[in-house]
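Here is a short briefing on one protein chain. Please keep the sequence and the model side by side as you read.

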Amino acid sequence: MKHVLSALVMNQPGVLAHISGMLASRAFNIESLAVGETEEPEFSRITFVVGDYNKLDQVRKQLEKLVTVVKVVDFSGQDFVERDLMLMKVATPGKTRSEIRELVEIFRAKIVDVSSENVMIEISGQESKINSFIDVMRPFGILEIVRTGRIALLRSETVKADVNTEPVETVK
């Protein structure tokens with residue numbers, strides 16, 4: 001089982017390096033990673049996916065002890081929405097463009113760039129959808145792929161830092 005963790009952190013240089021270094025020193029492999037500023041510019045949210053580890057709760061507690069980390073949430077066993085974004089460049093030899101366009105529509109993706117040799121496709125969704133799309137496009141000739149890593153939010157709770165006080169507020 002993979003664990004999706006979300007860390008609300010201070011938006012400062014070196015925070016990501018500090019967190020990834022701490023995970024690496026404990027032999028945790030980060031399988032997916034996405035970082036971005038939140039609705040409050042002084043905070044960023046780091047979403048990362050790690051494998052099934054026995055000491056995950058201990059690592060989560062150690063992460064929370066870091067000065068720049070405000071809150072860490074393990075989404076495992078909770079109701080959450082997750083998405084991944086991918087850009088893919090696919091070769092378009094012969095008369096394959098219409099077939100590729102059809103598959104793009106079926107997967108609710110979007111062609112975002114066209115050249116005489118290839119098309120660039122944007123797709124977002126759950127990891128399984130992205131992986132299925134990759135499998136379907138392989139026969140056409142995938143030239144390049146870039147992915148964002150997974151992002152996730154809990155459905156029923158909001159994890160925010162209260163800027164007036166130090167503790168983190170969880171709103172239901």
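Predicted model: local features only at pLDDT ≥ 70, side-chain atom pairs only at ≥ 80, totals over all residues.

Two helix pairs come up, helix 1 with helix 2 and helix 3 with helix 4. The salt bridge count is 8. Three of the pairs are described here, Arg 155 with Asp 79, Glu 82 with Arg 150 and Arg 147 with Asp 84.

**Helix 1 and helix 2**

- Helix 1 covers residues 15-25 and helix 2 covers residues 56-65. Their axes lie 11 Å apart, at an angle of about 150°.
- Helix 1 therefore runs roughly antiparallel to helix 2, since angles over 145 degrees count as such.
- The crossing of helix 1 over helix 2 is right-handed.
- Helix 1 brings Ile 19, Met 22 and Leu 23 to the contact, and helix 2 brings Val 59, Gln 62 and Leu 63.
- By class, this contact of helix 1 with helix 2 holds 5 nonpolar residues, 1 polar residue and no charged ones.

**Helix 3 and helix 4**

- Helix 3 spans residues 97-106, and helix 4 spans residues 127-137. The two axes come within 11 Å and cross at roughly 165°.
- That angle makes helix 3 roughly antiparallel to helix 4.
- Helix 3 passes helix 4 in a right-handed crossing.
- On helix 3, the contact residues are Ile 100, Leu 103 and Val 104. On helix 4, they are Phe 133, Val 136 and Met 137.
- The contact of helix 3 with helix 4 has 6 nonpolar residues, with no polar and no charged ones.

**Salt bridge of Arg 155 and Asp 79**

- Side chains of opposite charge can pair when their charged atoms come close.
- Arg 155 and Asp 79 form a salt bridge, at 3.0 Å from N to O.
- Arg 155 sits in the loop between strand 9 (151-154) and strand 10 (158-161), and Asp 79 in the loop between strand 4 (69-74) and strand 5 (80-91), so the bridge ties together parts 76 residues apart in sequence.
- Both Arg 155 and Asp 79 are exposed.

**Salt bridge of Glu 82 and Arg 150**

- In the salt bridge of Glu 82 with Arg 150, the closest N and O atoms are 2.8 Å apart.
- Glu 82 belongs to strand 5, while Arg 150 is in the loop between strand 8 (142-147) and strand 9. The pair links distant parts of the chain, 68 residues apart.
- Glu 82 and Arg 150 are both buried.

**Salt bridge of Arg 147 and Asp 84**

- Arg 147 meets Asp 84 in a salt bridge of 2.8 Å, N to O.
- Arg 147 is in strand 8 and Asp 84 in strand 5, so this pair joins parts that are 63 residues apart in sequence.
- Arg 147 is partly exposed, at 31% relative accessible area. Asp 84 counts as buried, because its relative accessibility is 5%.
- A network is also present: salt bridges with shared partners join Glu 82, Glu 127 and Arg 150.

**Asn 11**

- Where is Asn 11 found? Asn 11 lies in the loop between strand 1 (3-10) and helix 1.
- Asn 11 is partly exposed, with a relative accessible area of 35%.
- Beyond its neighbours within four places in sequence, Asn 11 is in contact with Glu 37, Pro 41, Glu 42, Phe 43 and Ser 44.
- Asn 11 and Phe 133 are 34 Å apart in space, C-alpha to C-alpha, and 122 residues apart in sequence.

Key
Residues numbered from 1 in each chain as written. Heavy atoms only, no water. Axes fitted to C-alpha atoms, helices over the stretch in contact; angles between N-to-C directions. Helix = DSSP H or I, 4+ residues; strand = E, 2+ residues; numbered from the N terminus. Parallel < 35°, antiparallel > 145°, perpendicular 65-115°, else oblique. Left-handed = near helix turned anticlockwise from the far one by under 90°. Contact = heavy atoms within 4.5 Å. Nonpolar A, V, L, I, M, F, W, Y, C, P; charged D, E, K, R; others polar. Salt bridge = Lys/Arg side-chain N within 4 Å of Asp/Glu carboxyl O. Buried < 20%, exposed > 50% of the residue type's maximum accessible area, 1.4 Å probe, protein only.
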